[in-house]
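Here is my note on the structure, in numbered points. Please read it beside the coordinates.

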Amino acid sequence: MAKVILENIYKSFPHRSGKATPSNRSSHLKKDEKPDRTSVLRSINLTIEDGEFMVLVGPSGCGKSTLLRLIAGLEELTAGNIWVGDRLVNALPPKERDIAMVFQNYALYPHLSVYDNIAFGLRRMGIDEGKTSIMQDILAQMSRKLPRKLRYLTEKEKAIDERVRKVAQLLQIELLLDRLPKQLSGGQKQRVALGRAISRNPQVFLMDEPLSNLDAKLRAQTRSQIVKLQRQLGVTTIYVTHDQTEAMTMGDRIAVMNGGEIQQLAKPLEIYNRPANRFVAEFIGSPPMNFLSVRVDSPITLTHSQFHLTIPDLWSQWVSSYQGRSLLLGIRPEHFAIATPSPHNLQVQVDLVEALGNETYIWVHPLEEPDFSLIARVPSDAQIHLGDRIWLSPMLDKIHLFDAQTDMAIWQE
Ligand SMILES: Nc1ncnc2c1ncn2[C@@H]1O[C@H](COP(=O)(O)OP(=O)(O)OP(=O)(O)O)[C@@H](O)[C@H]1O
Ligand SMILES: [Mg+2]
């Protein structure tokens with residue numbers, strides 16, 4: 001088990017051929033600014049504690065897989081340092097980093113049985129329990145074609161066998177050990193891929209969207225199994241996903257990424273309750289947060305074209321410097337309540353009703369802004385229909401405020 005430290009990581013890829021031409025081989029540019037390279041990760045600083053489950057979440061293309069591949073040693077750093085425990089691993093090849101990676105597409109060996117897929121890494125690692133004599137090797141060689149139970153096992157194979165069976169039991173795949181990957185369902189393949197990673201007993205697990213090929217039910221099930229397993233094994237884990245539900249439910253902490261940078265690093269509920277900027281506010285939470293432009297009329301009065309709000313006093317310390325200027329008011333769909341007519345509430349018309357059974361989402365527009373869309377979550381028994389005009393009131397203790405220019409949460413200023 002080990003702490004992982006990512007120190008000022010930069011990564012850029014060469015364009016196409018990657019050959020620098022004399023015209024773009026300019027020496028005064030920084031590594032990530034070279035015109036013949038695309039910068040994919042910038043200034044990543046992150047410490048993953050020993051035994052922590054860290055989730056990297058962000059939209060497609062934001063650099064999550066690249067970061068994992070850098071940690072695994074499958075890509076070369078452009079700049080920065082990676083520490084695993086107290087070892088600087090920058091220059092170490094993947095197999096010397098003591099890290100196991102689970103890929104999105106499982107990457108099982110198709111011609112090997114489940115057993116051998118799990119044992120493969122252990123054999124390559126040269127497990128060091130016991131010595132093997134030449135005689136034992138010959139016996140093992142001769143009996144290799146026999147059914148597994150009749151084979152002669154060297155001391156090393158015995159140790160591997162014990163490890164494979166223990167892992168198979170943990171993941172409940174004991175009955176699948178003799179099958180080939182093509183004879184398994186997606187969820188079973190997933191567990192074999194996990195088994196292969198676990199059996200190596202690494203210091204760090206890296207998982208790149210391991211659940212994305214599974215159906216919704218299996219996904220939820222496997223999600224909780226992985227969390228349980230990680231707690232049980234206590235192995236430092238870095239888990240990549242673009243699914244915010246996975247991020248919220250699995251991570252001890254979440255690093256939200258966008259455009260090659262970490263936008264916010266915090267515990268799941270802190271990210272939900274106190275998003276640091278508009279991107280995080282919109283990315284975490286489903287359906288996403290609504291944003292309305294408001295003007296600051298006093299440190300605790302916000303005016304929108306259709307309503308005005310007196311917000312809790314605690315905001316005045318940040319809002320006062322915006323006097324006369326505009327702010328973005330963020331309201332999550334679940335923080336609108338159906339209300340009565342009032343200058344503090346917003347009158348809207350209903351454009352779409354999505355009844356999910358346990359709750360209902362309504363898509364609405366403010367009466368004076370037919371092209372502006374908002375989403376509110378209401379109880380499933382609310383009698384609301386297409387075309388209805390209703391009043392919504394924001395829950396004042398749940399609002400978010402962002403600088404209209406920088407998109408940063410104003411409490412950050
Ligand atoms: N070998 C490469 N050469 C050039 N560009 C690359 C290479 N690998 C990745 N990229 C680019 O780096 C960016 C980040 O890619 P990456 O695969 O890390 O994204 P991601 O966050 O994992 O996305 P997804 O959620 O779609 O898997 C993308 O714009 C991608 O096109
Ligand atoms: Mg990826």
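1. Overall make-up. The protein's secondary structure comes to 10 helices and 20 strands. This is a predicted model. Its C-alpha trace spans about 90 × 60 × 40 Å along the principal axes.

2. The protein has 413 residues, and 34% of them count as buried. Take the contacts between residues at least 6 apart in sequence: 67% of these join residues at least 24 apart.

3. Length of α5. Helix α5 covers residues 186-199, which is 14 residues. The expected span is 1.5 Å times one less than the number of residues. Helix α5 should therefore span 20 Å, and its end C-alpha atoms are 20 Å apart, so the two agree.

4. Is α5 mostly covered or mostly open? Mostly covered: 11 of its 14 residues are buried. The buried residues are K189, Q190, R191, V192, A193, L194, G195, R196, A197, I198 and S199.

5. After α5. The helix is followed by N201, whose phi is positive, near 50°. Please look at N201 when you check the end of α5.

Terms used: Residues numbered from 1 in each chain as written. Chains lettered and ligands numbered in written order. Predicted model: local features only at pLDDT ≥ 70, side-chain atom pairs only at ≥ 80, totals over all residues. Helix = DSSP H or I, 4+ residues; strand = E, 2+ residues; numbered from the N terminus. Buried ≥ 20, exposed ≤ 12 C-beta atoms within 10 Å, placed from the backbone. Contact = placed C-beta atoms within 7 Å.
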